[in-house]
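I opened a new notebook page for this chain. My plan is to look up its elements first, then single residues.

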Amino acid sequence: MSYTKTFRKEITVYYSGSVSYPASENGGRVHYDGYAKEDVYVEIEVDTTDFDARVHECNSNVHGLTASVGAMNAAQCLAIADNSDKVSQSLIDGFFATVRTDISTQVTEISQKVESRLMLLRQQAQTLREKRQAMEADYARTSARYQKIFDDLNNELSARIHQIDQPVFDVVNVVEEQNDRMLHTDLVQGAVTFSKESAIAQAQLSIANLKNNAMLAMHRAQDFLTSKAETEAVMSKVLVDGTGSDTYYVPVCFMETSSEGNAKDRKCITPELYASQENQLQKTLTQVLSEQDFSPAKEEEQEMLQSYMQAEIRRNVPGNDSHSTRVRDMINKMFNK
């Protein structure tokens, strides 16, 4: 709002002269001089209507920005929740799809292995039958030469022995017939071996598949948690929680230099985030500095500014060599002055 400021200055005026007086006795002239002092008062009325209007407009923009940030925060939280649900559902669907696919793959692989083993067994059985037939033919040709000689003796001896121990031979024939039916087959050893190897292979495949699925699930969960943590870190850096009436300080460097001919050059330097507002800030600061004096900063503000300045010096001049040390000392010396 507008205000009036009064200035007072004391003005001193020197005066001198001479007067002549009539001759009463001697007559003559008298010289006189001295100083006269007078207080002069000047009242100046400062009109801040434009400045107040700009401050009100700035407050409106700040309130609108605060509302926009709040809406963006709510939308971001909702998007994070929706994305979390989608990611969770995708993980669950992917897990069960992977399990179904792995089971189908195992069934297919095992079926193919069983078919190939059965085909191999059939081929081996055919080969064995052919070898057996060849051996039987060779044996028949060899034994045919002696068969005629021993047939009569064997028949006679067999007849006599069977007549003596006929019940014993009947029992032996029955036992051998049953034993041959149960044990003397080519598929017994193959079935036992195949059953053992298939059980071991299936168990190993199941364990390996389970470990692989568990590892994939852990990696996906880790990637999700890492992404969530990074998103929360970014949001915590870009969002500011406030009521809309809070005060935030932005560091600004305003420089004014004078050259020959009393020409003045002004420059305003701000952080990169507010680079687009440099011209406006320069105009505002030039007007404000020309209209009124600023009181010294408070001790708390000086400490905050000192802390920020030291952090910027460490970030921009990180070296420990003699040149970096001199640069830091000169910056601190200029800043303290």
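**Entry 1: the overall layout**

I counted the elements of the protein chain and got 6 helices and 4 strands. Helices are DSSP runs of H or I with at least four residues, strands are runs of E with at least two, and both are numbered from the N terminus. From the N terminus on, I read the order as β-β-α-α-α-β-β-α-α-α.

I noted the ground rules next. Residues are numbered from 1 along each chain as its sequence is written, and side-chain values use heavy atoms, with hydrogens and water left out. The model is predicted, so local features need pLDDT of at least 70 and side-chain atom pairs count only at pLDDT 80 or more, while totals for chains, interfaces and linings use all residues.

**Entry 2: confidence**

I looked up pLDDT, the predictor's confidence in each residue, from 0 to 100. The protein chain has a mean of 78, and 85% of its residues reach 70 or more. Where is confidence lowest, and where highest? It is lowest in helix 2 (residues 166–182), at a mean of 68, and highest in helix 6, at 85.

**Entry 3: burial and contacts over the chain**

Of the 337 residues in the protein chain, 7% count as buried.

Then I turned to contacts, meaning heavy atoms within 4.5 Å. I took the contacts with a separation of 6 or more; residues 24 or more positions apart account for 49% of them.

**Entry 4: helix 6**

I checked the length of helix 6, residues 322–336. The expected span of a helix is 1.5 Å times one less than its number of residues. For these 15 residues that should be 21 Å, and the end C-alpha atoms are 21 Å apart, which agrees.

Which residues of helix 6 are buried? I found Ser324, Arg328 and Asn332. They cover an arc of only 70 degrees around the axis, which puts them on the same side of helix 6. The arc is that of the directions from the helix axis to the C-beta atoms. The buried residues of helix 6 pack against helix 5 (299–316). The face turned away from the buried side carries the exposed residues Ser322, Arg326 and Met334.

**Entry 5: serine 324**

I picked serine 324 out of helix 6. It counts as buried because its relative accessibility is 9%. Its side chain makes a polar contact with the side chain of aspartate 321, at 2.7 Å. A polar contact is a pair of N or O atoms within 3.5 Å; within protein, one must be able to donate a hydrogen and the other to accept it, and residues adjacent in sequence count only if both atoms are side-chain atoms. Leaving out residues up to four places away in sequence, I saw serine 324 touch Val317 and Gly319.

**Entry 6: aromatic rings**

I searched for ring pairs. Rings of Phe, Tyr and Trp (its six-membered ring) pair if their centres lie within 6.5 Å; planes under 30 degrees apart count as stacked, over 60 as edge-to-face and the rest as tilted. The count came to 1 aromatic pair. Phenylalanine 95 and phenylalanine 96 form it, edge-to-face, at 5.6 Å centre to centre and 75 degrees between the planes. Phenylalanine 95 is partly exposed because its relative accessibility is 40%. Phenylalanine 96 is partly exposed too, at 46%.

**Entry 7: aspartate 102**

I found aspartate 102 in helix 1 (residues 49–164). Is it buried or exposed? Aspartate 102 is buried, with a relative accessible area of 16%. It touches Asn209 and Asn213, not counting residues up to four places away in sequence. Aspartate 102 and leucine 210 are 108 residues apart in sequence, yet 9.4 Å apart in space, C-alpha to C-alpha.

**Entry 8: two glutamines of helix 4**

I placed glutamine 287 in helix 4 (residues 278–291). Its relative accessible area is 35%, so glutamine 287 is partly exposed. Its C-alpha atom is 9.4 Å from that of phenylalanine 51, 236 residues away along the chain.

Glutamine 282 also lies in helix 4. At 22% relative accessibility, glutamine 282 counts as partly exposed. Beyond four places away in sequence, glutamine 282 touches Phe254, Arg266, Lys267 and Cys268.

**Entry 9: a loop residue**

I ended with serine 245, in the loop between helix 3 (187–238) and strand 3 (253–258). Serine 245 counts as exposed, at 58% relative accessibility.

Definitions and conventions:
Buried means under 20% relative accessible area, exposed over 50%, partly exposed in between (1.4 Å probe, protein chains only).
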